[in-house]
Amino acid sequence: MALRTLRDPEEAADALQEAFISAFRAAGSFRAESQVTTWLHRIVVNACLDRMRRRQTRPTVPLPEAGPGEPVAPRDQMAERETRLVVAAALAELPEEQRAPIVLVDVEGYSVAETAQMLGIAEGTVKSRCARGRAKLAKSLGHLRNRSADANVPDDGVNVQQQRQREAR
C-alpha cells in the first residue's frame, strides 16, 4: 500500500516504519470496532499522506555530485566547524521552552503538529516559541550573516518594517 501511494521504495519503507511505530504506540487505544487490518491500513495511509505533505512543503532538488555547481574555493572545514560551535552555543543560550521546538522543527525537520504532539503543547504555542527563539537566534548570530542582510535583523524586538520607517526619517 505504501509503495503504491508514494511510488518510491525508500519513502514507502520510511512511511511503513513510521506507521508501525504509530501502531505500536496506539495499540492500547485500539477499540476493536473494526478489524486490525483495517486499522493498520488506515495508519499506513495516514503515514504516507503525512510524508507526501512534508515533501510538498519542503521540496528538495538533488544536487549533482560534481560539475559546474561545485564551489570555486575549497570548503574551509575549520570555519564550518567554528560556525557549528557558534550556532550550538547560541541554541544553548535559548530557554528550553524555545530551544526544543526550534530543534525539532528547524533542525530535525518535524512538522509543527508533530512537534506539538511530542512536546504536549498546542500548535500555536510551538509556532510562537519558534518565532521568539528564531528572533533571538537572528540577533545573537547576526555576525554570521552578510553585511547587506544585517539590516533585516530586528534589534530589541523592533520589527523590520518599524526599523525601515525609522531609517527613512
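In this predicted model, helix α5 (residues 96–107) packs against helix α7 (residues 123–140) at an angle of about 95 degrees. The two axes lie 8 Å apart. That angle makes α5 roughly perpendicular to α7, because angles of 65 to 115 degrees fall in that class. On the α5 side, the contact is made by E97, Q98, P101, I102, V105 and D106. On the α7 side, V126, R129, C130, R132, G133, R134, K136 and L137 take part. By class, this contact has six nonpolar, two polar and six charged residues.

Helix α7 also packs against α6, which spans residues 112–119. Here the angle is about 105 degrees, and the axes are again set 8 Å apart. α6 and α7 are therefore roughly perpendicular to each other. From α6, the contact draws on V112, A113, T115 and A116. From α7, it draws on E123, V126 and K127. Four of these contact residues are nonpolar, one is polar and two are charged.

The crossing of α2 past α3 is right-handed. α2 contributes E11, D14, A15, L16, E18, A19, S22, A23 and A26 to the contact. α3 contributes W39, L40, I43, V44, A47, C48, R51, R54 and R55. The residues of this contact divide into 11 nonpolar, one polar and six charged.

The largest pocket holds about 650 Å³ of space. It is lined by 17 residues. Closest to the pocket centre are E18, S22, R25, E114 and Q117. Helices α2, α3 and α6 are the elements that each give two or more residues to the lining. Of the elements, α2 gives the most, with six residues. By class, the lining of the largest pocket has seven nonpolar, four polar and six charged residues. E18 and S22, both among the residues closest to the pocket centre, also belong to the α2 side of the contact with α3. Helix α6, which supplies lining residues, is also the partner of α7 in the packing described above.

Methods
Residues are numbered from 1 along each chain as its sequence is written. This is a predicted model: local features need pLDDT of at least 70, side-chain atom pairs count only at pLDDT 80 or more; totals for chains, interfaces and linings use all residues. Side-chain values use heavy atoms; hydrogens and water are left out. A crossing is left-handed if the near helix is turned anticlockwise from the far one by less than a right angle, and right-handed if clockwise. Helices (H or I, at least four residues) and strands (E, at least two) are DSSP runs, numbered from the N terminus. Contact means heavy atoms within 4.5 Å. Ala, Val, Leu, Ile, Met, Phe, Trp, Tyr, Cys and Pro count as nonpolar, Asp, Glu, Lys and Arg as charged, and the others, Gly among them, as polar. On a 1 Å grid over the protein atoms alone, a cavity is a set of points where a 1.4 Å probe fits but cannot get out, and a pocket is an open set with protein on both sides within 12 Å along at least five of seven lines; lining residues have an atom within 4 Å of a point. Grid points are joined across faces, edges and corners, and a volume is the space filled by probe spheres set on the points. Axes are lines fitted to C-alpha atoms, for helices over the stretch in contact, and angles run from 0 to 180 degrees between N-to-C directions. Angles under 35 degrees count as roughly parallel, over 145 as roughly antiparallel, 65 to 115 as roughly perpendicular and the rest as oblique.
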